[in-house]
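Subject: Structure handover and notes

Dear colleague,

Please find below the structure that I am passing on to you, followed by my notes on what was found in it. I would be grateful if you read the notes with the coordinates open beside them.

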Amino acid sequence: MRFFTACLLAVAAALPARAIDYEKEVQPVLKEFCADCHNADKKKGDLDMTPMLAKPDFAADHDAWEKTADLLLNREMPPERKPQPADPARTKVVEWIEGQLQKLAASEPPNPGRVTIRRLNREEYRHTIRELLGVDYSPEDFPTDEVGYGFNNIGDVLSLSPMLMEKYLAAAEEIVRKAIVAEPAKPPKRKIRGDTFGPVNEWIRPLDNHALGLYREGEASAPADFIRSGEYKLRVRAYGELAGPDAPKLAVKLGGTQVAVFDVNTEKSKSFETRVKADAGRQSVTVAFLNNYHDTANKDPKLRGDRNVFIESVEIEGPFDGKPEPTVRMIEPWRWKLPENASKEQNAIGFSSSGEARAEWQFLVKDEYLIRLRAHGDRGGNELPKARLTLGGKEIALFEIKAKEGQEDVRDVRVSVEAGKQPITVEFTNDYYDPTKNEDRNLIVHAVEIVGPINNAAPDLPESHKRLITRMPAPGEEQKVAHEIIARFAKRAYRRSVSGEEVARLVKFVDLSLKNDGSFLEGVQAAVQAALCSPHFLYRWELDSAAVKPGEVRNLGDFEIASRLSYFLWSSMPDWELFDLAERGALLKDGNLEKQVARMLKDWRARALVENFGGQWLQLHNIYDIDPDPKKFPKFSYELREDMKRETLAFLNAIVNDDRSVLDLVDARFTFLNERLARHYGIDGVKGNDFRRVELAADSPRGGVLTMGSVLLATSQPTRTSPVIRGKWILEQILGTPPPPPPPNVPPLEAKHIDPNLPIKQRLELHRDSPDCAGCHAKIDPLGFALEHFDAIGAFRTMDGRNPVDASGELPNGTQFSNAADLKRIVKGDKFVHGLAEKMMIYGLGRGLERYDKKALTGVVAATKQADYRFSSLVLAIVKSDPFLKRKSPEARVAAN
């Protein structure tokens with residue numbers, strides 16, 4: 001559905017209010033300049049204006065009249081080679097059409113529209129499971145979601161196939177087993193693969209099957225963590241080559257002390273087991289071959305041969321003390337407060353010079369913990385990078401990091417910690433940089449993990465289990481406790497209030513489990529699994545009650561608005577704060593809606609808006625459909641492609657987090673680069689693989705999404721640029737004015753036998769010799785020409801082969817430009833904001849916009865402009881609009897239960 005451009009609205013608003021005589025001032029102009037092509041015989045553009053001109057009916061022909069005014073205003077019609085109406089006559093026609101459309105809009109009753117009931121798409125499903133249960137589940141094998149209006153969250157196209165239903169059933173089973181522990185915790189097991197033992201030499205060496213071969217007497221060791229003092233099982237899986245009178249003898253040592261000797265009297269893999277007592281801490285596990293034998297010349301065949309032993313693995317099980325294995329929790333990236341010299345990308349913290357990152361961690365109980373550091377470094381000078389850990393203001397460790405890029409050092413320290421919140425820091429202590437030697441010492445921290453509590457005797461339960469199972473029932477209380485647990489869960493899973501009947505249906509799964517000798521927790525697992533397969537979870541419901549009349553407009557309830565808001569900004573269900581406001585009916589009171597929008601945009605979960613809306617709006621997925629010709633673009637790589645995507649997402653994230661003007665999306669004086677992408681762009685002074693914010697020079701051709709590598713790559717061909725694809729992309733994604741589809745059977749540029757050495761502009765001029773193509777290409781191509789200074793992989797250039805780049809052009813309305821900078825100045829305005837607002841409303845509502853949404857869209861653009869185009873003002877204006885807060889009941893509908 002096309003809307004008036006912001007330019008059209010601005011012109012119409014400025015025109016004087018006076019009566020225009022249709023028969024004398026409008027009809028003659030349209031007949032003279034339009035009817036010759038748009039009649040029943042020619043019907044150019046599939047439009048016959050004869051009945052429209054004879055008796056204008058704006059309700060029946062709304063879209064055709066709107067498009068007519070748009071084309072006239074932008075001087076796209078009549079075509080350039082045809083006679084043109086005088087400017088006063090053109091203005092009168094546009095004014096009259098706009099006036100009639102405004103009268104029609106004023107006469108129609110308010111209509112906020114309605115959204116087709118829609119299921120969660122893959123991203124929404126993943127985020128919802130994480131928010132609801134605390135389980136990370138990746139539905140990668142789900143069928144790909146269909147796309148409508150450019151987005152994959154549109155209700156009209158989100159169907160539910162039998163295959164997807166099977167995936168939901170399997171996913172629900174897997175998720176509940178992760179979320180709820182229905183069996184007692186078993187002693188933990190860790191396996192050391194044979195080929196990781198060392199040191200190795202000519203006679204003790206790793207094999208292709210990952211085993212360790214011992215061909216002479218000797219030993220090899222590997223480190224192992226024993227989390228607590230206690231009894232352990234050491235289970236060695238081994239086999240031998242038998243020779244001589246005895247079986248191969250294999251000794252096992254722990255911390256240098258021999259704990260067992262086995263006769264490996266088998267040439268097939270077999271397990272050999274012993275129990276040992278081990279002290280807590282890291283100790284070496286050693287395997288030793290004790291009785292080598294080699295006699296290939298013995299006359300006795302039974303004594304002839306070569307005796308060897310092979311270690312497949314050593315498994316450590318335990319301790320058998322009834323205590324759970326300590327949990328391993330990574331300090332989430334958002335918790336770290338970084339110094340200026342550090343950056344955070346993909347969960348890693350990169351220190352480019354000495355500095356300290358700070359975080360806080362809640363230790364639930366007083367106990368021992370391991371504080372574990374995962375890191376690598378860039379070595380410069382004569383020292384390894386050093387990382388200092390402090391806890392509660394006291395130094396607990398100073399590690400030297402040996403691992404290089406592509407590797408990882410894992411270092412830990414055992415500490416006793418009081419219960420409560422404790423500050424923790426990781427510091428890079430020995431920065432070094434010598435540009436004359438091109439030596440730079442840096443520290444990259446992959447993660448800081450908290451392992452523990454080590455000695456806690458509480459059940460080994462994940463947070464998801466604790467969140468769901470608030471208490472276990474005493475004998476006879478199973479029904480009561482099951483009702484408590486499931487009622488609380490179902491309310492959040494269904495994202496609304498639930499009836500007693502709905503809860504009772506789920507509680508029956510607990511009854512069934514107990515009747516069939518199952519456990520209470522197994523019954524809860526089954527109930528949760530059933531809820532996760534329910535349409536009330538899988539779909540976002542906005543059904544009208546029986547009291548709502550067909551065709552009636554109603555306000556959405558607080559739960560419905562909370563879901564719309566959370567899935568708009570987070571691609572997930574409402575969190576506890578939103579849920580609490582909805583439950584109290586307070587979401588729309590006391591400015592709470594405004595406060596929630598501000599809070600949610602600052603939350604880390606708003607990254608989903610950047611990735612899911614921003615990524616689809618800019619069509620970043622297309623970068624994976626383009627494989628640049630390696631002969632023409634030898635410097636292109638997979639890593640560079642990923643860098644381009646990361647730049648765009650980091651830039652969009654800054655627009656959201658810093659609440660910048662949405663006009664910065666078109667032309668900003670900053671971006672985010674690492675060394676590889678900066679070098680590709682020709683920008684100096686950026687070192688290392690980590691992304692950081694980079695201020696752009698005043699004369700830089702970069703700035704905004706139009707000149708980002710991701711967009712330029714996605715709108716190119718594998719061997720060359722494509723002004724047509726780029727121009728069409730600008731019209732569709734940036735201006736919100738998509739051109740009509742091309743006529744059928746139009747051959748590609750390469751198929752028309754045009755000299756490939758001609759400048760691209762001349763080749764396209766020869767290509768569009770068809771009158772059917774010329775009109776649209778006059779609108780599309782100039783926009784694409786403006787980006788010709790950027791090649792197919794986004795690198796800046798002044799020559800295209802042997803031809804100088806000509807990035808100049810002229811729009812149909814006569815506006816001229818010389819390059820991308822000129823184009824950005826032309827695009828940067830209300831017309832862009834109108835197109836962006838339309839895209840975001842479609843994404844936020846989950847449906848396409850109709851003509852009755854025009855008033856709301858115009859209001860969104862006006863509110864955004866009044867607030868200096870701040871990103872939050874655009875979001876808030878959409879959230880406060882009638883289409884977002886209200887719903888029109890269908891004429892024929894099914895009432896909610």
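Two strands are said to pair if DSSP finds at least two bridges between them, and both strands (E, at least two residues) and helices (H or I, at least four residues) are DSSP runs, numbered from the N terminus. The model is a predicted one, in which local features need pLDDT of at least 70 and side-chain atom pairs count only at pLDDT 80 or more, whereas totals for chains, interfaces and linings use all residues. Residues are numbered from 1 along each chain as its sequence is written, and side-chain values use heavy atoms, with hydrogens and water left out.

Confidence

The average pLDDT (the predictor's confidence in each residue, from 0 to 100) is 89 for the protein, and 92% of the residues score at least 70. Among the elements, the lowest mean pLDDT, 40, belongs to helix H1 (residues 6-14), and the highest, 98, to helix H26 (residues 871-879).

Sheets

Strands of a sheet pair through backbone hydrogen bonds, either parallel or antiparallel.

Arg388 stands opposite Leu398 in S19, and Leu389 has Ala397 in S19 as its bridge partner. S18 and S19 form a hairpin with 2 residues between them, and Gly392 in the turn has a positive phi of about 60°.

A further open sheet, again of 4 strands with antiparallel pairing, has the order S5-S10-S7-S8. Strands S5 (218-226) and S8 (257-263) stand at its edges with a single partner strand each, so one side of each is left without a neighbour in the sheet. Here, too, neighbouring strands are turned by 20° against each other on average, direction ignored. S5 and strand S10 (residues 281-289) run antiparallel and are joined by 9 bridges, with Ala224 standing opposite Gln283 in S10.

Helix packing

Two packed helices are described by the angle between their axes and the distance between the axes. Helix H9 (residues 478-493) packs against helix H10 (residues 500-515) at an angle of about 135°, with the axes 9 Å apart. H9 and H10 are therefore oblique to each other, given that angles under 35 degrees count as roughly parallel, over 145 as roughly antiparallel, 65 to 115 as roughly perpendicular and the rest as oblique. Residues of H9 including Ala482, Ile486 and Ala490 meet residues of H10 including Val503, Leu506 and Val510. By class, this contact of H9 with H10 has 9 nonpolar, 2 polar and 2 charged residues, where Ala, Val, Leu, Ile, Met, Phe, Trp, Tyr, Cys and Pro count as nonpolar, Asp, Glu, Lys and Arg as charged, and the others, Gly among them, as polar.

Helices H13 (residues 558-569) and H24 (residues 830-845) pack at an angle of about 125°, with their axes 8 Å apart, and are therefore oblique to each other. In this pair, Arg564, Tyr567 and Phe568 of H13 meet Met840, Tyr843, Gly844 and Leu845 of H24.

For H2 and helix H5 (residues 87-107), the angle is about 110° and the axes are 10 Å apart, which makes H2 roughly perpendicular to H5. Tyr22, Glu25, Val26, Val29 and Leu30 in H2 meet Ala89, Lys92, Val93 and Trp96 in H5, and the residues of this contact divide into 7 nonpolar, no polar and 2 charged.

Backbone details

Gly198 and Pro199 are joined by a cis peptide bond with omega of about 0°, and Pro199 is found in the loop between strands S2 (189-193) and S3 (204-206). The peptide bond from Gly452 to Pro453 is also cis, with omega near 5°.

With kind regards

Technical notes: Axes fitted to C-alpha atoms, helices over the stretch in contact; angles between N-to-C directions. Contact = heavy atoms within 4.5 Å.
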